[in-house]
Amino acid sequence: MAIKPRLPGYALGLILCLLALPAQAGLRVFACEPEWAALARALVPEADITTATSYLQDPHYIEARPSLIAAMSRADIALCTGASLEGGWLPTLLQRAANPVIQPGREGLFLAAEQVELHSAHDHVDRSMGDVHPEGNPHVHLAPDRVPVIMAALVQRLQALQPASAAAIQTRYVRWRVRWNNLRSQWQAAASQLEGRSVVVQHASFAYLLRWLGIAMPLDLEPKPGLPPSAGHLNTLLGSPELERVSAILIASHQGNRGAQWLSEQSGKPVLTLPGTVTGEPGTDTLGDLISRIVSALLETAGDQSGG
Ligand SMILES: [Zn+2]
(Lines give C-alpha, C1' and ligand atoms only; values in the text may rest on other atoms or scores of the structure.)
Protein backbone atom coordinates (compact mmCIF):
# COMPACT_ATOMS: atom_id res chain seq x y z
CA MET A 1 0.00 0.00 0.00
CA ALA A 2 1.43 3.37 -1.05
CA ILE A 3 2.11 5.87 1.63
CA LYS A 4 0.35 9.14 0.98
CA PRO A 5 2.25 12.11 2.34
CA ARG A 6 -0.09 14.00 4.53
CA LEU A 7 0.24 17.55 5.72
CA PRO A 8 -1.25 18.67 8.96
CA GLY A 9 -4.06 21.16 8.39
CA TYR A 10 -2.17 24.13 9.78
CA ALA A 11 0.78 23.53 7.41
CA LEU A 12 -1.53 23.38 4.42
CA GLY A 13 -3.16 26.61 5.57
CA LEU A 14 0.25 28.25 5.87
CA ILE A 15 1.29 27.18 2.37
CA LEU A 16 -1.95 28.49 0.86
CA CYS A 17 -1.41 31.71 2.74
CA LEU A 18 2.12 32.12 1.39
CA LEU A 19 0.99 31.35 -2.15
CA ALA A 20 -1.59 34.09 -1.87
CA LEU A 21 1.02 36.70 -0.95
CA PRO A 22 2.37 38.77 -3.84
CA ALA A 23 6.05 39.72 -3.92
CA GLN A 24 5.66 43.00 -2.05
CA ALA A 25 3.94 41.17 0.83
CA GLY A 26 0.60 42.58 -0.23
CA LEU A 27 1.16 46.22 0.63
CA ARG A 28 -2.15 48.03 0.25
CA VAL A 29 -1.89 51.68 -0.69
CA PHE A 30 -4.74 54.18 -0.76
CA ALA A 31 -3.92 57.25 -2.89
CA CYS A 32 -6.19 60.28 -2.71
CA GLU A 33 -4.94 61.53 -6.10
CA PRO A 34 -3.36 59.80 -9.13
CA GLU A 35 -0.04 61.66 -8.72
CA TRP A 36 0.71 59.95 -5.41
CA ALA A 37 -0.38 56.59 -6.79
CA ALA A 38 2.16 57.12 -9.60
CA LEU A 39 4.97 57.84 -7.14
CA ALA A 40 4.05 54.79 -5.06
CA ARG A 41 3.94 52.61 -8.19
CA ALA A 42 7.50 53.65 -9.02
CA LEU A 43 8.67 52.49 -5.58
CA VAL A 44 6.44 49.47 -4.83
CA PRO A 45 5.18 48.28 -8.24
CA GLU A 46 3.63 45.11 -6.80
CA ALA A 47 1.53 46.96 -4.26
CA ASP A 48 -2.25 46.94 -4.47
CA ILE A 49 -3.05 50.62 -5.09
CA THR A 50 -6.51 52.18 -4.91
CA THR A 51 -6.79 55.71 -6.29
CA ALA A 52 -9.71 57.81 -5.05
CA THR A 53 -9.79 60.32 -7.93
CA SER A 54 -8.89 60.46 -11.62
CA TYR A 55 -7.48 63.26 -13.77
CA LEU A 56 -11.04 63.91 -14.96
CA GLN A 57 -12.23 64.71 -11.43
CA ASP A 58 -11.72 67.80 -9.33
CA PRO A 59 -9.79 66.53 -6.29
CA HIS A 60 -11.32 69.29 -4.12
CA TYR A 61 -14.78 67.82 -4.45
CA ILE A 62 -15.51 64.11 -4.45
CA GLU A 63 -17.81 61.98 -2.36
CA ALA A 64 -16.64 59.71 0.45
CA ARG A 65 -18.20 56.70 -1.33
CA PRO A 66 -18.62 53.33 0.45
CA SER A 67 -16.07 51.70 -1.90
CA LEU A 68 -13.48 54.30 -0.89
CA ILE A 69 -14.27 53.86 2.79
CA ALA A 70 -13.79 50.10 2.40
CA ALA A 71 -10.49 50.54 0.54
CA MET A 72 -9.15 52.91 3.17
CA SER A 73 -10.16 50.62 6.01
CA ARG A 74 -8.10 47.81 4.40
CA ALA A 75 -5.07 49.97 3.46
CA ASP A 76 -1.64 49.95 5.12
CA ILE A 77 -0.90 53.52 4.10
CA ALA A 78 -2.81 56.46 2.63
CA LEU A 79 -1.05 59.00 0.40
CA CYS A 80 -2.85 62.31 0.15
CA THR A 81 -2.00 65.92 -0.62
CA GLY A 82 -3.15 67.56 2.61
CA ALA A 83 -3.15 71.35 3.08
CA SER A 84 -6.98 71.30 2.93
CA LEU A 85 -7.08 70.08 -0.67
CA GLU A 86 -9.23 67.13 0.42
CA GLY A 87 -10.85 69.11 3.25
CA GLY A 88 -14.33 68.36 1.92
CA TRP A 89 -14.03 64.56 1.94
CA LEU A 90 -10.87 63.16 3.55
CA PRO A 91 -11.91 63.81 7.18
CA THR A 92 -15.16 61.88 6.57
CA LEU A 93 -13.26 59.07 4.87
CA LEU A 94 -10.75 58.81 7.73
CA GLN A 95 -13.49 58.78 10.30
CA ARG A 96 -15.75 56.25 8.56
CA ALA A 97 -12.90 53.92 7.58
CA ALA A 98 -11.74 53.98 11.23
CA ASN A 99 -8.40 52.45 10.25
CA PRO A 100 -6.27 52.85 13.40
CA VAL A 101 -2.98 53.28 11.47
CA ILE A 102 -4.40 55.79 8.96
CA GLN A 103 -5.20 58.77 11.13
CA PRO A 104 -3.85 62.33 11.34
CA GLY A 105 -0.41 62.29 12.95
CA ARG A 106 0.04 58.52 12.43
CA GLU A 107 2.64 56.93 10.16
CA GLY A 108 -0.08 55.49 7.93
CA LEU A 109 -1.23 58.89 6.68
CA PHE A 110 1.37 60.47 4.39
CA LEU A 111 0.58 64.06 3.40
CA ALA A 112 2.67 65.34 0.50
CA ALA A 113 2.09 69.03 1.20
CA GLU A 114 3.58 68.61 4.69
CA GLN A 115 6.93 67.55 3.24
CA VAL A 116 7.61 70.83 1.40
CA GLU A 117 7.18 74.57 1.71
CA LEU A 118 4.05 75.84 -0.02
CA HIS A 119 3.55 78.98 -2.08
CA SER A 120 0.86 81.53 -1.27
CA ALA A 121 0.12 80.74 2.37
CA HIS A 122 -2.58 82.94 3.87
CA ASP A 123 -2.45 84.12 7.45
CA HIS A 124 -6.08 85.01 7.40
CA VAL A 125 -8.84 83.34 5.44
CA ASP A 126 -12.53 84.14 5.48
CA ARG A 127 -15.42 83.05 3.31
CA SER A 128 -15.37 86.23 1.23
CA MET A 129 -12.08 85.06 -0.30
CA GLY A 130 -13.70 81.97 -1.84
CA ASP A 131 -12.33 78.45 -1.44
CA VAL A 132 -8.80 79.48 -0.42
CA HIS A 133 -6.37 76.92 1.02
CA PRO A 134 -5.03 78.71 4.13
CA GLU A 135 -1.86 76.55 4.34
CA GLY A 136 -0.82 77.63 0.85
CA ASN A 137 -1.26 76.23 -2.66
CA PRO A 138 -1.56 72.43 -2.21
CA HIS A 139 -1.16 71.62 -5.92
CA VAL A 140 2.52 70.69 -5.45
CA HIS A 141 2.71 67.62 -7.68
CA LEU A 142 3.89 69.55 -10.75
CA ALA A 143 6.70 71.34 -8.88
CA PRO A 144 10.01 70.10 -10.38
CA ASP A 145 11.98 70.86 -7.21
CA ARG A 146 9.42 69.75 -4.66
CA VAL A 147 8.40 66.36 -6.05
CA PRO A 148 11.86 64.82 -5.34
CA VAL A 149 11.62 66.01 -1.71
CA ILE A 150 8.18 64.41 -1.41
CA MET A 151 9.50 61.25 -3.08
CA ALA A 152 12.46 61.01 -0.66
CA ALA A 153 10.08 61.31 2.30
CA LEU A 154 7.81 58.67 0.78
CA VAL A 155 10.79 56.33 0.36
CA GLN A 156 11.53 56.57 4.08
CA ARG A 157 7.90 56.03 5.02
CA LEU A 158 7.54 52.94 2.79
CA GLN A 159 10.86 51.50 3.96
CA ALA A 160 9.74 51.84 7.58
CA LEU A 161 6.54 50.04 6.67
CA GLN A 162 8.29 47.29 4.70
CA PRO A 163 11.82 46.84 6.10
CA ALA A 164 12.29 43.62 4.11
CA SER A 165 11.87 45.59 0.86
CA ALA A 166 13.99 48.58 1.92
CA ALA A 167 16.85 47.80 -0.48
CA ALA A 168 14.54 47.24 -3.45
CA ILE A 169 12.69 50.49 -2.71
CA GLN A 170 16.02 52.34 -2.53
CA THR A 171 17.14 50.91 -5.90
CA ARG A 172 13.90 51.94 -7.56
CA TYR A 173 14.15 55.41 -5.98
CA VAL A 174 17.65 55.94 -7.39
CA ARG A 175 16.42 54.89 -10.84
CA TRP A 176 13.45 57.29 -10.53
CA ARG A 177 15.68 60.13 -9.35
CA VAL A 178 18.16 59.75 -12.22
CA ARG A 179 15.30 59.91 -14.73
CA TRP A 180 13.72 62.90 -12.97
CA ASN A 181 17.02 64.80 -13.02
CA ASN A 182 17.42 64.09 -16.73
CA LEU A 183 13.92 65.32 -17.49
CA ARG A 184 14.45 68.32 -15.23
CA SER A 185 17.39 69.50 -17.37
CA GLN A 186 15.15 69.27 -20.44
CA TRP A 187 12.49 71.35 -18.69
CA GLN A 188 15.17 73.82 -17.67
CA ALA A 189 16.24 74.18 -21.31
CA ALA A 190 12.60 74.78 -22.30
CA ALA A 191 12.25 77.36 -19.53
CA SER A 192 14.85 79.55 -21.21
CA GLN A 193 12.45 79.84 -24.17
CA LEU A 194 9.32 80.20 -22.06
CA GLU A 195 10.52 82.66 -19.44
CA GLY A 196 8.66 85.94 -19.55
CA ARG A 197 5.60 84.47 -21.25
CA SER A 198 2.21 84.68 -19.61
CA VAL A 199 -0.94 82.57 -19.66
CA VAL A 200 -4.52 82.86 -18.40
CA VAL A 201 -5.17 80.11 -15.84
CA GLN A 202 -8.19 78.62 -14.08
CA HIS A 203 -7.39 78.00 -10.40
CA ALA A 204 -3.83 77.42 -9.09
CA SER A 205 -3.61 73.89 -10.57
CA PHE A 206 -0.46 74.46 -12.67
CA ALA A 207 0.96 77.34 -10.62
CA TYR A 208 4.11 75.67 -9.25
CA LEU A 209 5.25 74.50 -12.67
CA LEU A 210 4.43 77.79 -14.42
CA ARG A 211 6.29 79.72 -11.75
CA TRP A 212 9.29 77.39 -12.05
CA LEU A 213 9.29 77.93 -15.83
CA GLY A 214 9.17 81.70 -15.37
CA ILE A 215 5.68 82.00 -16.91
CA ALA A 216 3.44 84.68 -15.40
CA MET A 217 -0.23 84.09 -14.52
CA PRO A 218 -1.70 87.60 -14.60
CA LEU A 219 -5.31 86.50 -15.09
CA ASP A 220 -7.44 83.73 -13.56
CA LEU A 221 -10.77 82.60 -15.02
CA GLU A 222 -11.99 82.01 -11.46
CA PRO A 223 -13.37 85.21 -9.91
CA LYS A 224 -12.37 83.72 -6.54
CA PRO A 225 -10.60 80.42 -5.81
CA GLY A 226 -13.04 77.55 -6.33
CA LEU A 227 -15.75 79.64 -8.01
CA PRO A 228 -16.59 79.02 -11.69
CA PRO A 229 -15.96 81.84 -14.20
CA SER A 230 -18.90 84.29 -14.14
CA ALA A 231 -20.02 86.42 -17.09
CA GLY A 232 -19.08 89.59 -15.23
CA HIS A 233 -15.62 88.30 -14.40
CA LEU A 234 -14.99 87.11 -17.96
CA ASN A 235 -15.90 90.56 -19.26
CA THR A 236 -13.41 92.10 -16.84
CA LEU A 237 -10.72 89.72 -18.15
CA LEU A 238 -11.59 90.61 -21.74
CA GLY A 239 -11.12 94.27 -20.93
CA SER A 240 -7.80 93.73 -19.18
CA PRO A 241 -4.69 95.07 -20.92
CA GLU A 242 -2.81 91.97 -19.66
CA LEU A 243 -4.84 89.76 -22.01
CA GLU A 244 -3.03 91.11 -25.05
CA ARG A 245 0.30 89.67 -23.82
CA VAL A 246 -0.80 86.14 -22.90
CA SER A 247 0.13 83.28 -25.21
CA ALA A 248 -2.66 80.86 -24.18
CA ILE A 249 -5.56 80.09 -21.88
CA LEU A 250 -4.45 77.04 -19.87
CA ILE A 251 -7.03 74.81 -18.19
CA ALA A 252 -6.96 71.30 -16.72
CA SER A 253 -8.94 68.38 -18.20
CA HIS A 254 -11.29 68.21 -15.21
CA GLN A 255 -12.24 71.89 -15.41
CA GLY A 256 -15.30 73.09 -17.33
CA ASN A 257 -14.11 74.82 -20.51
CA ARG A 258 -17.00 77.21 -21.19
CA GLY A 259 -15.30 80.24 -19.70
CA ALA A 260 -12.03 79.44 -21.47
CA GLN A 261 -13.83 78.90 -24.81
CA TRP A 262 -15.72 82.15 -24.53
CA LEU A 263 -12.60 84.15 -23.75
CA SER A 264 -10.78 82.39 -26.58
CA GLU A 265 -13.50 83.26 -29.10
CA GLN A 266 -13.51 86.87 -27.99
CA SER A 267 -9.74 87.33 -27.81
CA GLY A 268 -8.33 84.88 -30.38
CA LYS A 269 -6.07 83.36 -27.70
CA PRO A 270 -5.80 79.55 -27.96
CA VAL A 271 -7.14 77.26 -25.23
CA LEU A 272 -4.71 74.63 -23.96
CA THR A 273 -6.50 71.79 -22.15
CA LEU A 274 -4.03 69.50 -20.40
CA PRO A 275 -4.34 66.80 -17.75
CA GLY A 276 -3.86 68.33 -14.31
CA THR A 277 -2.40 65.05 -13.06
CA VAL A 278 -1.23 61.70 -14.37
CA THR A 279 -3.59 59.68 -16.55
CA GLY A 280 -3.60 55.99 -17.43
CA GLU A 281 -2.42 56.85 -20.95
CA PRO A 282 1.17 56.39 -22.16
CA GLY A 283 2.96 59.76 -22.29
CA THR A 284 1.14 61.14 -19.27
CA ASP A 285 1.17 58.16 -16.91
CA THR A 286 4.08 59.34 -14.76
CA LEU A 287 4.60 62.79 -13.24
CA GLY A 288 7.84 63.26 -15.20
CA ASP A 289 6.14 62.44 -18.51
CA LEU A 290 3.18 64.64 -17.68
CA ILE A 291 5.41 67.65 -16.95
CA SER A 292 7.26 67.02 -20.24
CA ARG A 293 3.92 66.96 -22.06
CA ILE A 294 2.81 70.25 -20.47
CA VAL A 295 6.14 71.88 -21.26
CA SER A 296 5.95 70.71 -24.92
CA ALA A 297 2.41 72.07 -25.25
CA LEU A 298 3.52 75.43 -23.84
CA LEU A 299 6.49 75.51 -26.21
CA GLU A 300 4.22 74.82 -29.18
CA THR A 301 1.92 77.66 -28.21
CA ALA A 302 4.89 79.96 -27.73
CA GLY A 303 6.21 78.90 -31.16
CA ASP A 304 2.86 79.63 -32.82
CA GLN A 305 2.85 83.07 -31.26
CA SER A 306 6.33 84.06 -32.41
CA GLY A 307 5.69 82.53 -35.88
CA GLY A 308 2.43 84.39 -36.45
ZN1 LIG B 1 -6.98 74.20 -5.12
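How many disulfides does the structure hold? The structure holds 1 disulfide, meaning a pair of cysteine sulfur atoms within 2.5 Å.

## About the model

This is a predicted model, where local features need pLDDT of at least 70, side-chain atom pairs count only at pLDDT 80 or more, and totals for chains, interfaces and linings use all residues. Residues are numbered from 1 along each chain as its sequence is written, and side-chain values use heavy atoms, without hydrogens and water.

## The sheet

Four strands form an open sheet in the order S2-S1-S3-S4, with parallel pairing. Strand S2 (48-51) and strand S4 (109-111) are the edges; each pairs on one side only. From one strand to the next, the twist averages 20°.

Strands here are DSSP runs (E, at least two residues), and helices are runs of H or I with at least four, numbered from the N terminus. Two strands pair if DSSP finds at least two bridges between them. Strand S1 (residues 28-31) pairs with strand S3 (residues 77-80) over 3 bridges. Val29 stands opposite Ile77 in S3.

## The helix on the sheet

Helix H2 (residues 34-43) packs on the sheet and touches S1, S2 and S3. Contact means heavy atoms within 4.5 Å. The direction of H2 makes about 170° with that of S2. Axes are lines fitted to C-alpha atoms, for helices over the stretch in contact, and angles run from 0 to 180 degrees between N-to-C directions.

## The disulfide

Cys32 is joined to Cys80, with S to S at 2.0 Å. The link is right-handed, with 55° about the S-S bond. Cys32 lies in the loop between S1 and H2, and Cys80 in strand S3, 48 residues apart.
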